[in-house]
Amino acid sequence: IKKANFRDENFSVSVSKSANEVVATYTKDETGMDLVIRLPASYPLKPVDVDCTRSLGISEVKQRKWLMSMMLFVRNQ
């Protein structure tokens, strides 16, 4: 599988095997967030990278907390 997509009313997930990344997009009314999970070439020897590329209507403090929670969750699986 080179690319895969999942789409719902408020949530979508896009997987790119060639880029080794998963992009999850959540939108609700005026707010939205793009979460990118990148797997390094040497995974599982190196941890995954979690990044928020877009956030609308979400405070920076809340965004940072969510990002840290996601990083801890993904890295400990």
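I began at D34, which counts as buried at 14% relative accessibility. For my own reference, buried means under 20% relative accessible area, exposed means over 50%, and partly exposed is in between (1.4 Å probe, protein chains only). The model I am reading is predicted, so I note that local features need pLDDT of at least 70, side-chain atom pairs count only at pLDDT 80 or more, and totals for chains, interfaces and linings use all residues. Residues are numbered from 1 along each chain as its sequence is written, and side-chain values use heavy atoms, with hydrogens and water left out.

**Entry 1: D34 and T25**

I looked up where D34 sits and found it in strand β4. Helices (H or I, at least four residues) and strands (E, at least two) are DSSP runs here, numbered from the N terminus. Which side chain does D34 meet in a polar contact? The partner is T25, at 3.0 Å. A polar contact is a pair of N or O atoms within 3.5 Å; within protein, one must be able to donate a hydrogen and the other to accept it, and residues adjacent in sequence count only if both atoms are side-chain atoms.

T25 itself lies in strand β3. I then listed what each of the two touches, where contact means heavy atoms within 4.5 Å. Leaving out residues up to four places away in sequence, D34 touches A24, T25, D51, C52, T53 and R54. With that same exclusion, T25 touches N10, F11, S12, M33, D34 and R54. R54 turns up in the list for D34 and in the list for T25. I also checked D34 against T53: they are 19 residues apart in sequence, and their C-alpha atoms are 5.6 Å apart in space.

**Entry 2: the whole chain**

Next I stepped back to see the fold. The protein chain has one helix and five strands, and from the N terminus on the elements run β-β-β-β-β-α. Its C-alpha trace spans about 35 × 25 × 20 Å along the principal axes. Of the 77 residues, 23% are buried. Among contacts between residues at least 6 apart in sequence, 18% join residues at least 24 apart. The chain exposes about 5,900 Å², and carbon and sulfur atoms supply 56% of that area; accessible areas come from the Shrake-Rupley method with a 1.4 Å probe, and for residues only the protein chains shown count as cover.

**Entry 3: the largest pocket**

Which residues line the largest pocket? I noted F11, A24, Y26, T31, G32, M33, L35, I58, W66 and M70. By way of definition, on a 1 Å grid over the protein atoms alone, a pocket is an open set of points with protein on both sides within 12 Å along at least five of seven lines, whereas a cavity is a set of points where a 1.4 Å probe fits but cannot get out; lining residues have an atom within 4 Å of a point.

About 200 Å³ of space lies in this pocket, where grid points are joined across faces, edges and corners and a volume is the space filled by probe spheres set on the points. β3 (21-28), β4 (31-38) and α1 (60-75) each supply at least two lining residues, and β4 gives the most, with four. The lining divides into eight nonpolar, two polar and no charged residues. In this count Ala, Val, Leu, Ile, Met, Phe, Trp, Tyr, Cys and Pro are nonpolar, Asp, Glu, Lys and Arg are charged, and the others, Gly among them, are polar.

M70 is partly exposed, at 29% relative accessibility. Beyond four places in sequence, M70 touches L35 and V50. M70 and L35 are 35 residues apart in sequence and 9.3 Å apart in space, C-alpha to C-alpha.

**Entry 4: loops and a cis bond**

Between β2 and β3 I stopped at N20 in the loop. N20 has a positive phi of about 55 degrees although it is not a glycine, and it is partly exposed at 32%. L39, in the loop between β4 and β5 (49-56), touches N20 and V48 once residues up to four places away are set aside. That β4-β5 loop also holds P44, and a cis peptide bond joins Y43 and P44, with omega about 15 degrees.

My last stop was S16 in strand β2 (residues 11-16). Is S16 buried or exposed? S16 is buried, with a relative accessible area of 10%, and a polar contact of 3.4 Å joins its side chain to that of S18.
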